[in-house]
Number of protein chains: 4
Amino acid sequence: MSVEVIAIGGYEEVGKNMSAVKVGDDVVIFDMGIHLDRVHIHEDTDIARMHSLDLIERGVIPDDTLMKDVDGKVRAIVFTHGHLDHIGAVAKLAHRYQAPIIATPYTIALIERTIKAERKFNVLNTLQVLNAGEKCQISPGITLEFIQSTHSIPQSVIAALHTPEGIIVYALDFKFDDHQKISPPPDYHRLRELGRKGVLAMIVETTRANEKQEVKTHSEKVARIVLEDIMKNPLEEKTGMIVTTFSSHMERIQAISDIASKSDRQMLLLGRSMERYCGLAEAMGILKLPENASIYGSPKAVNRALARAEAKREDYLLITTGHQGEPDALLPRIANAKTQFRIQRGDNVVISAPVIPNPMNVANRNLMERRLASSGARIYTNAHVSGHAGREDHRDFIRMLNPMHIIPAHGDLSMLSAYAEIAEEEGYKLGNDIHILRNGQAQVFNGGIR
Amino acid sequence: MSVEVIAIGGYEEVGKNMSAVKVGDDVVIFDMGIHLDRVHIHEDTDIARMHSLDLIERGVIPDDTLMKDVDGKVRAIVFTHGHLDHIGAVAKLAHRYQAPIIATPYTIALIERTIKAERKFNVLNTLQVLNAGEKCQISPGITLEFIQSTHSIPQSVIAALHTPEGIIVYALDFKFDDHQKISPPPDYHRLRELGRKGVLAMIVETTRANEKQEVKTHSEKVARIVLEDIMKNPLEEKTGMIVTTFSSHMERIQAISDIASKSDRQMLLLGRSMERYCGLAEAMGILKLPENASIYGSPKAVNRALARAEAKREDYLLITTGHQGEPDALLPRIANAKTQFRIQRGDNVVISAPVIPNPMNVANRNLMERRLASSGARIYTNAHVSGHAGREDHRDFIRMLNPMHIIPAHGDLSMLSAYAEIAEEEGYKLGNDIHILRNGQAQVFNGGIR
Amino acid sequence: MSVEVIAIGGYEEVGKNMSAVKVGDDVVIFDMGIHLDRVHIHEDTDIARMHSLDLIERGVIPDDTLMKDVDGKVRAIVFTHGHLDHIGAVAKLAHRYQAPIIATPYTIALIERTIKAERKFNVLNTLQVLNAGEKCQISPGITLEFIQSTHSIPQSVIAALHTPEGIIVYALDFKFDDHQKISPPPDYHRLRELGRKGVLAMIVETTRANEKQEVKTHSEKVARIVLEDIMKNPLEEKTGMIVTTFSSHMERIQAISDIASKSDRQMLLLGRSMERYCGLAEAMGILKLPENASIYGSPKAVNRALARAEAKREDYLLITTGHQGEPDALLPRIANAKTQFRIQRGDNVVISAPVIPNPMNVANRNLMERRLASSGARIYTNAHVSGHAGREDHRDFIRMLNPMHIIPAHGDLSMLSAYAEIAEEEGYKLGNDIHILRNGQAQVFNGGIR
Amino acid sequence: MSVEVIAIGGYEEVGKNMSAVKVGDDVVIFDMGIHLDRVHIHEDTDIARMHSLDLIERGVIPDDTLMKDVDGKVRAIVFTHGHLDHIGAVAKLAHRYQAPIIATPYTIALIERTIKAERKFNVLNTLQVLNAGEKCQISPGITLEFIQSTHSIPQSVIAALHTPEGIIVYALDFKFDDHQKISPPPDYHRLRELGRKGVLAMIVETTRANEKQEVKTHSEKVARIVLEDIMKNPLEEKTGMIVTTFSSHMERIQAISDIASKSDRQMLLLGRSMERYCGLAEAMGILKLPENASIYGSPKAVNRALARAEAKREDYLLITTGHQGEPDALLPRIANAKTQFRIQRGDNVVISAPVIPNPMNVANRNLMERRLASSGARIYTNAHVSGHAGREDHRDFIRMLNPMHIIPAHGDLSMLSAYAEIAEEEGYKLGNDIHILRNGQAQVFNGGIR
């Protein structure tokens with residue numbers, strides 16, 4: 001029985017991830033993401049209302065039209081975490097396949113929301129929950145397993161497909177973090193076990209493969225310490241205080257909340273996507289906020305909350321969207337004096353997020369910071385650790401799984417190549433057992449693991 | 001008689017240059033520029049209609065309010081070239097002083113235009129032409145001399161103020177280029193002569209002081225060769241062709257025109273500022289375009305020209321504004337498919353300008369290039385040389401003038417400091433005979449040159 | 001009574017720090033450091049045997065010859081911590097002054113060693129211990145106080161000179177770290193108290209002033225967590241293991257020791273400077289090593305220890321010198337197969353130190369890492385936090401002390417300028433109350449604090 | 001008949017290039033270079049006396065042991081230019097093959113010298129000259145053609161192998177320079193003709209593939225203008241003057257000589273490799289020096305020449321080796337005061353070479369420049385253009401040749417990948433018709449061009 005990995009999206013860019021694994025006649029799809037960066041090229045892109053084929057042409061979602069030539073039956077669509085570059089195209093593509101959607105509860109909840117917001121397509125696939133540590137039968141010969149992992153959104157897992165020819169591991173995206181508060185540590189024991197059982201191939205993220213200086217990604221515990229040190233004085237000052245971070249990063253938001261809850265300030269989580277991710281997480285018991293914390297997403301509610309905060313700034317801690325300076329997000333709007341909360345001399349702003357390296361983010365963030373500073377705010381910026389594995393983490397991962405074949409994914413060619421160099425240092429060889437695929441190409445494995 | 005150099009603007013930023021030199025009771029002002037970068041902080045800034053004091057508060061123009069405390073009479077307002085960071089505030093500030101405006105003919109013509117466009121103030125100062133190589137009496141004891149220089153706009157000069165206490169040299173901005181076609185080489189002979197007569201102080205630009213790798217700025221002759229090599233094939237291809245460069249850079253536009261005039265393409269110079277600078281320059285006999293070349297500035301005329309070019313793209317060479325990707329300029333609008341001229345596969349775009357290093361330019365330019373490329377254009381970008389002196393040019397300049405005192409200007413503190421390091425290598429010492437001033441500070445020289 | 005700060009060394013470079021403060025007729029000297037970087041220019045420099053004047057000419061030690069023109073009596077030579085760029089020239093310069101040497105116990109012990117190793121001069125100054133939190137009378141009008149601080153060597157302090165004209169604070173070098181295990185947190189309370197009493201001037205380090213991204217320097221607690229995560233697996237593997245870090249960084253070595261002591265490996269601290277700093281620190285009760293740990297400094301003892309480790313590599317943890325790849329230090333010699341301990345495939349090397357940014361270090365470190373890797377070692381490099389205040393720490397420091405005047409020190413002009421920019425953001429102005437001095441210049445304060 | 005490209009060396013590094021092309025039973029080898037960088041890892045490497053297998057193990061020369069498994073007869077060993085990373089291993093490897101060595105006259109002369117200097121092996125292969133524009137029959141079915149090209153050493157060619165299955169082009173290394181004085185422009189006409197006849201595959205250099213800012217490599221004409229501008233004043237000053245550049249770069253040395261010959265200075269070309277390359281080139285009529293120029297290579301002759309120059313420095317122009325600061329080369333030795341020529345204040349040093357980007361070069365060059373500067377020399381550094389094609393040149397090259405398959409070579413994986421990106425922009429696809437090989441891998445083309 002031949003096994004085939006089909007690269008649909010995310011093999012030429014950071015974004016719009018989608019891969020398919022074909023085992024005999026059964027096909028399993030992993031991820032259906034969007035590539036937000038492409039939206040800037042065509043300013044008139046309206047994702048919710050546009051048809052898949054238009055979005056495919058604009059490079060916004062994966063081009064899955066090649067799937068019609070794949071001779072097999074799609075048995076499952078699997079999502080390993082809930083970031084938009086992994087689930088964002090679900091409402092545009094999933095209805096084409098008669099197969100259940102499988103993911104962890106938080107990811108399922110986010111997918112459900114995405115499907116509800118869709119204006120163009122009616123998505124009726126079954127939504128099936130699978131927890132980390134659990135397995136489910138996909139077809140007579142194939143079992144899907146979710147292995148506990150850590151990343152920067154709750155309930156991220158590494159997926160393993162048990163097939164007659166060996167195990168296929170799908171590891172987009174992960175970090176090895178033993179000190180998160182919401183997520184247990186990655187299940188290294190099980191990963192090693194899989195390695196011993198026989199991994200035919202692994203598909204692996206490459207986000208930080210070319211960052212040669214950062215060997216092992218720092219734990220969230222580091223971010224917690226840094227945030228504690230940074231937030232300590234501002235929380236006690238009689239001035240305004242804003243923290244901004246990724247709205248889906250519950251681990252970080254929990255840390256911020258834990259630190260803030262020792263002060264007298266009341267937390268206001270503000271912004272539409274803050275409501276989306278935190279609201280869900282709180283309802284599901286993932287995020288634990290103090291009783292007096294509030295989450296507001298609608299413009300009206302946000303405005304009212306900002307007006308209250310403006311009236312008595314030292315009583316509140318605002319946690320907002322807008323860490324990249326995106327013009328329509330909340331913090332940039334505050335910086336640009338477009339809300340009722342006006343920055344005053346002495347206000348403190350903590351940006352617990354890096355600049356996602358892209359010239360427009362660099363420009364937007366710079367403009368936001370200059371506006372904040374010119375209104376008198378003090379800005380703190382180095383309170384962040386990455387959610388992606390570093391080079392030495394990848395080395396550990398390869399050694400644990402000991403796969404026969406490696407397929408780097410989720411990056412442009414320079415990133416896939418940088419990963420290939422790590423794998424070559426570990427004894428693999430590009431073209432032999434490391435395979436760099438381009439969107440639309442497939443890699444066939446004829447002999448499985450015996 | 002004491003001499004005083006008063007730093008009004010441009011000592012804490014690249015932009016809004018303005019300095020005053022007070023000799024006894026006579027004051028000479030150099031430059032009244034704007035700082036366009038500050039406009040982005042306050043989006044609602046409408047320069048033409050705003051009052052000086054508002055613009056001063058927003059950091060857009062120099063804060064010359066300190067001049068009311070200067071006990072002396074302003075005898076002249078001198079401009080050494082026509083870039084906006086040197087002349088752009090003339091219509092906001094000049095009317096406060098009863099003194100003639102003195103500049104070379106092209107600069108005077110640009111100032112005249114600026115004054116005419118002003119909506120708020122009525123500027124009635126006399127406009128007085130002084131050519132390179134000429135002198136004029138400013139007051140009984142003070143003579144102003146313009147020395148032939150080279151930069152990236154025609155008729156740039158270095159100014160020398162002959163005073164009883166020695167010569168004051170004002171050298172913002174210059175490069176040493178012996179091979180320009182429009183401008184004669186800098187008058188090194190006269191600079192050395194001034195050095196021997198006795199320079200009390202020089203005020204000098206620092207644009208490239210911290211570029212440690214670029215020792216002597218390359219001549220425009222280098223840009224000409226590079227442009228010839230780049231433009232040769234595209235001119236002959238049956239596809240569209242666009243060149244963009246600084247609209248005030250006549251030397252470069254002349255080079256482009258000379259190269260293009262050997263082909264069968266007709267040149268269209270398009271965009272409002274292209275018309276402003278090139279129209280004037282052509283009328284004054286500075287720029288010599290082939291007979292079939294046309295310049296269009298108004299949106300309507302530009303649109304008609306673009307429609308013609310769209311119809312028969314291989315017959316035209318478009319020379320447009322927009323090298324920084326500024327959203328409202330022409331090339332970015334073409335890239336964004338907002339004009340009748342649509343980029344097609346195979347069209348060639350030559351960007352003969354560097355990215356002016358500022359995050360918003362980097363982002364805009366990147367977006368423009370990606371749009372052009374995604375429509376199929378081929379882009380050439382390394383066809384440029386700087387218009388500013390490099391470190392070794394500055395060293396030569398110091399050795400020629402041998403000034404008693406040096407005041408670096410036209411930069412932030414890191415640039416002024418980098419210049420101070422060059423001067424220290426030449427035997428000067430910060431605090432003794434190198435003076436770093438901040439906007440609003442003055443340096444008094446009590447003993448002149450004997 | 002006038003107060004004068006005299007910049008002797010360290011105002012044009014990172015290294016050879018030396019400053020003098022003159023209050024009336026009394027002079028207090030701070031630091032006498034060396035500038036090791038200059039030794040590379042003159043390869044034949046033999047510090048221990050050369051005369052001060054030769055070393056001064058070569059730029060290796062501060063040029064204190066100007067002190068003979070200072071009309072006053074040196075009352076004390078004060079050292080605030082024991083790094084070589086602060087104490088390294090003590091044996092070359094101190095004997096010229098009839099004044100006691102004052103420092104904390106660990107610093108005094110290091111100075112004593114330096115004096116004993118000197119071959120050229122006989123240094124007989126009294127060595128006087130002053131602990132953090134203590135004061136001593138220097139002259140009838142002047143009292144010296146040591147304030148608890150944190151840095152990357154034990155018993156670092158910030159010095160305050162109480163004079164009739166106000167307090168002079170000397171803060172080279174420090175970080176704000178509330179979580180060190182060896183040092184208590186900085187005494188913020190006392191710093192604020194000094195601020196309220198009236199600080200006439202502060203002399204302050206600028207090491208990280210131009211690192212715009214690093215706002216608050218991370219605590220050593222971060223390094224501890226990172227080291228724990230990195231060292232965990234290697235400690236358990238049956239392979240060789242080496243950690244290298246700064247030999248004077250007791251806080252870090254303590255952390256490494258604490259982590260290692262939970263494993264079965266025996267610690268060997270190897271290398272001459274490792275013995276120098278750790279031997280002293282252990283003897284003084286500062287560093288607490290497990291019973292079975294050993295420190296070896298002499299080549300013979302080191303060789304024997306390495307032979308033992310080679311015989312049974314999984315039983316030892318080697319802690320060595322050589323983190324910069326300096327050819328004669330231990331780790332580079334191991335990497336170059338010049339010792340009995342040979343790197344084998346699977347050995348782990350943890351480099352808990354950044355590359356000190358200088359092209360020769362970059363080259364040496366790169367060569368060492370490539371040699372280690374080509375022998376099969378796995379290298380971990382990002383386990384470090386800085387020992388110097390970041391921009392926001394400096395902002396806090398200025399707000400605590402609220403000094404009348406600021407003198408940035410310990411850097412080249414670009415660093416002093418970068419610090420000046422921070423101070424300008426805090427309301428000071430260069431030339432008014434921020435003073436950039438060059439080696440050999442003095443700043444006089446005529447009116448003190450009332 | 002199948003065609004196979006075998007990657008022997010240079011596919012994982014910049015250096016030790018060697019490729020083989022097998023057409024049916026006939027094999028043609030291209031290049032046998034060395035990888036000097038690897039020598040630093042093993043300090044005791046003595047190339048001239050070491051055996052091939054040892055050098056292979058150390059990574060210094062290509063591992064051609066795989067050739068024993070290639071079922072075919074080597075018909076020719078072809079060298080397309082004389083740089084060491086292409087010819088340096090000829091004396092270690094060529095004797096293993098019974099085949100003639102084919103190259104242009106200057107390259108043959110350099111190979112002859114290399115063979116004569118060899119201590120370990122006796123190389124007896126026939127040396128056969130082939131000029132640019134000529135062809136020679138290699139076997140009944142295969143013809144070799146040399147096409148006129150340009151690079152940074154004289155008589156560089158692009159090789160074309162005409163086979164029954166199509167043409168194989170070998171293009172390591174080249175630039176497109178229409179304005180060299182020694183070499184005619186590249187034969188674009190013939191390249192286009194080959195493209196029309198049918199290129200099965202091209203093997204192409206990638207040196208600058210990842211330099212995204214440099215689109216078309218500047219012509220040597222640019223270097224000439226820049227050197228003229230830089231050298232003009234120094235040639236007339238009454239001080240010492242040194243120029244250093246690549247000793248094999250005849251085009252550059254000719255330019256320097258042409259500029260210098262208009263002055264009164266006598267040229268001394270000094271250093272062993274200067275003698276090697278320039279002596280040969282002058283003897284062969286390639287380099288034309290003025291009558292009073294002299295070339296000295298032996299230490300004794302160099303010393304005597306330096307003594308003369310020291311006695312009357314304003315009469316000479318020294319052209320030396322040592323542009324990378326390599327400790328044993330001449331200019332670094334002068335900088336370190338180890339020769340009789342001592343740098344004095346006012347001497348001018350022109351470094352007409354970039355820092356070859358490698359940490360040890362960066363360090364050596366920095367140290368040399370600091371030493372020169374600290375002795376009072378003035379240093380000019382930006383007088384260089386690259387000898388390698390830029391991204392847009394590569395695009396032109398692909399369009400001219402229109403090959404069925406592309407094999408990027410002469411670089412590490414990141415460079416091969418960067419080239420692949422250019423090729424993908426031109427419509428190729430990695431894995432389909434772009435093939436990234438690792439050392440030791442082969443690519444078989446089964447269907448040729450019809």
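**Figure 1. A:Asp85 and the annotated binding-site positions of chain A.** A:Asp85 is placed in helix 2 (residues 84-87) of chain A. The structure shown in this and the following views is a predicted model. According to UniProt, in an unreviewed entry, the feature "binding site" is assigned to A:Asp85, A:His86, A:Asp173 and A:His410. These positions span 326 residues in sequence, yet no two of their C-alpha atoms are more than 10.5 Å apart, so they gather at one spot. UniProt also lists A:His81, A:His83, A:His151 and A:Asp173 for "binding site", again from an unreviewed entry. That set is spread over 93 residues of sequence but clusters in space, with a largest C-alpha distance of 10.4 Å. One of its members, A:His83, belongs to the loop between strand 4 (73-78) and helix 2 of chain A.

**Figure 2. The two assigned domains of chain A.** The domain assignment divides chain A into domain 1, covering 3-214 + 387-445, and domain 2, covering 220-380. Their C-alpha centres are separated by 31 Å. Domain 1 of chain A contributes 18 residues to the contact, and domain 2 of chain A contributes 15 residues. On the side of domain 1 of chain A that touches domain 2 of chain A, seven residues are nonpolar, seven are polar and four are charged.

Figure 3. A:Lys16 has a phi value near 35°, which is positive in a residue other than glycine. This residue is situated in the loop between strand 1 (3-9) and strand 2 (18-23) of chain A. In chain B, a cis peptide bond with omega near 0° runs from B:Leu172 to B:Asp173. B:Asp173 falls in the loop between strand 10 (166-171) and helix 5 (188-197) of chain B. In chain D, the peptide bond from D:Leu172 to D:Asp173 is cis, its omega being near 0°. The loop between strand 10 (166-171) and helix 5 (188-197) of chain D holds D:Asp173.

**Figure 4. Contact of chain A with chain B, and the pairing of helix 11 of chain A with helix 11 of chain B.** In the contact between these chains, 11 residues come from chain B and 11 residues from chain A. The side of chain B that touches chain A consists of six nonpolar, three polar and two charged residues. Helix 11 (residues 359-374) of chain A and helix 11 (residues 359-374) of chain B have axes that come within 8 Å and cross at roughly 150°. Helix 11 of chain A is therefore roughly antiparallel to helix 11 of chain B. The two helices cross in a left-handed sense. Chain A supplies A:Pro359, A:Met360, A:Val362, A:Ala363, A:Asn366 and A:Leu367 to this helix contact, while chain B supplies B:Pro359, B:Met360, B:Val362, B:Ala363, B:Asn366 and B:Leu367. By class, the helix contact contains 10 nonpolar and two polar residues, with no charged residues.

**Figure 5. Contact of chain C with chain A.** Here, 17 residues of chain C meet 17 residues of chain A. Helix 6 (residues 220-236) of chain C gives the most to the chain C side, providing six residues. The chain C side of this contact comprises six nonpolar, five polar and six charged residues.

**Figure 6. Packing of helix 6 of chain B against helix 6 of chain D.** Helix 6 (residues 220-236) of chain B packs with helix 6 (residues 220-236) of chain D at an angle of about 170°, and their axes are 10 Å apart. The two helices are therefore roughly antiparallel to each other. B:Lys221, B:Val222, B:Ile225 and B:Val226 meet D:Lys221, D:Val222, D:Ile225 and D:Val226 across this pairing. Six nonpolar and two charged residues form the contact, with no polar residues.

**Figure 7. Packing of helix 12 against helix 13 within chain C.** Helix 12 (residues 391-401) of chain C and helix 13 (residues 413-425) of chain C have axes 10 Å apart and pack at an angle of about 55°. They are therefore oblique to each other. The crossing of helix 12 of chain C with helix 13 of chain C is right-handed. By class, four of the contact residues are nonpolar, one is polar and two are charged.

Note on methods
Residues numbered from 1 in each chain as written. Chains lettered and ligands numbered in written order. Predicted model: local features only at pLDDT ≥ 70, side-chain atom pairs only at ≥ 80, totals over all residues. Contact = placed C-beta atoms within 7 Å. Helix = DSSP H or I, 4+ residues; strand = E, 2+ residues; numbered from the N terminus. Nonpolar A, V, L, I, M, F, W, Y, C, P; charged D, E, K, R; others polar. Axes fitted to C-alpha atoms, helices over the stretch in contact; angles between N-to-C directions. Parallel < 35°, antiparallel > 145°, perpendicular 65-115°, else oblique. Left-handed = near helix turned anticlockwise from the far one by under 90°. Domains from an automatic or database assignment. UniProt positions renumbered as here; feature names shortened; annotations may be inferred.
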